[in-house]
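Colleague: Could you take me through this model? I am new to it and will ask as we go.

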Amino acid sequence: IRDSTSSLDVLITSRVFTQNYFFNMLSCRVRAAFVATFVAIAAVPTARAVGLFGSGWQAESQLAAIHAVCPLERAWVYSRDATRREKFAARMSAELRLEVLPAEEPRQAVAGLPIVVTATTSRQPVFDGSWLEPGALVCAIGSNWREKAEIDVTTVSRASDIVCDSVACCQHEAGDFTQPFEQGKFTWDQATELADVVTGKTTGR
């Protein structure tokens, strides 16, 4: 959109994002920027470690973005394929000059860590919410269908604050909230817009 005339120059649909390599990578960067923005604001910039689920493009972008705003010293990564997570750990260690370690089991990427990020295509929760450290920040990235959920009911019910990039969009497509809502563990008036946190209307944490 041009500032001077408010005319629309380009419209990019979600289909383009998912079927074109360049725009797929751009989408990864945009989502990573959202997370890094909140991490920087939400009193987590002093975090020294992070747990990460996933070993694809989204996971790469998320780790790099968080590392840019936090003085990370170590990251644990877990994905179902041991070979992929080991290659991911080696590649990102070299790229970010950060100690990235492959986790042998999901709990290693959660327990005792101040930040946990899920960036997978899983349809089922990837960790048990009871493993989370009190006060931990969970950034759930991958669930974009009502039938998919990377985090469980325990994780949502334990959250003192829930921030969405868009509450309206999450109501339609974020499967992470489907079961908590149906079980009475969550209501949408608990959710806060990321924009309101960025502009200072609410702390979000």
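Colleague: Is Ala-168 buried, partly exposed or exposed, and why?

Modeller: Ala-168 counts as partly exposed because its relative accessibility is 41%; buried means under 20% relative accessible area, exposed over 50%, and partly exposed in between, with a 1.4 Å probe and protein chains only. Please note that this is a predicted model, in which local features need pLDDT of at least 70, side-chain atom pairs count only at pLDDT 80 or more, and totals for chains, interfaces and linings use all residues. Residues are numbered from 1 along each chain as its sequence is written, and side-chain values use heavy atoms, with hydrogens and water left out.

Colleague: Where is the place of Ala-168?

Modeller: Ala-168 belongs to helix α6 (residues 167-173). Helices (H or I, at least four residues) and strands (E, at least two) are DSSP runs, numbered from the N terminus.

Colleague: How far apart are Ala-168 and Trp-188?

Modeller: In sequence they are 20 residues apart, and in space 9.5 Å, C-alpha to C-alpha. Trp-188 sits in the loop between α7 and β7 (191-193).

Colleague: Why does Trp-188 count as buried?

Modeller: Trp-188 counts as buried because its relative accessibility is 18%.

Colleague: And what does Trp-188 touch?

Modeller: Not counting residues up to four places away in sequence, Trp-188 touches Cys-164, Val-167, Cys-170, Gln-171, Phe-177 and Phe-181. Contact means heavy atoms within 4.5 Å.

Colleague: Changing topic, at what angle do α3 and α4 pack?

Modeller: Helix α3 (residues 57-69) and helix α4 (residues 82-96) pack at about 35°, and their axes are 11 Å apart. Axes are lines fitted to C-alpha atoms, for helices over the stretch in contact, and angles run from 0 to 180 degrees between N-to-C directions.

Colleague: Which residues make the contact?

Modeller: From α3 there are Ala-59, Glu-60, Leu-63, Ala-64 and His-67, and from α4 Phe-88, Arg-91, Met-92 and Leu-96. By class, that contact has 6 nonpolar, 1 polar and 2 charged residues. Ala, Val, Leu, Ile, Met, Phe, Trp, Tyr, Cys and Pro count as nonpolar, Asp, Glu, Lys and Arg as charged, and the others, Gly among them, as polar.

Colleague: Finally, the whole chain: how many helices and strands are there?

Modeller: The protein chain has 8 helices and 7 strands. Of its 205 residues, 41% are buried. Among contacts with a separation of 6 or more, 69% are between residues 24 or more positions apart.
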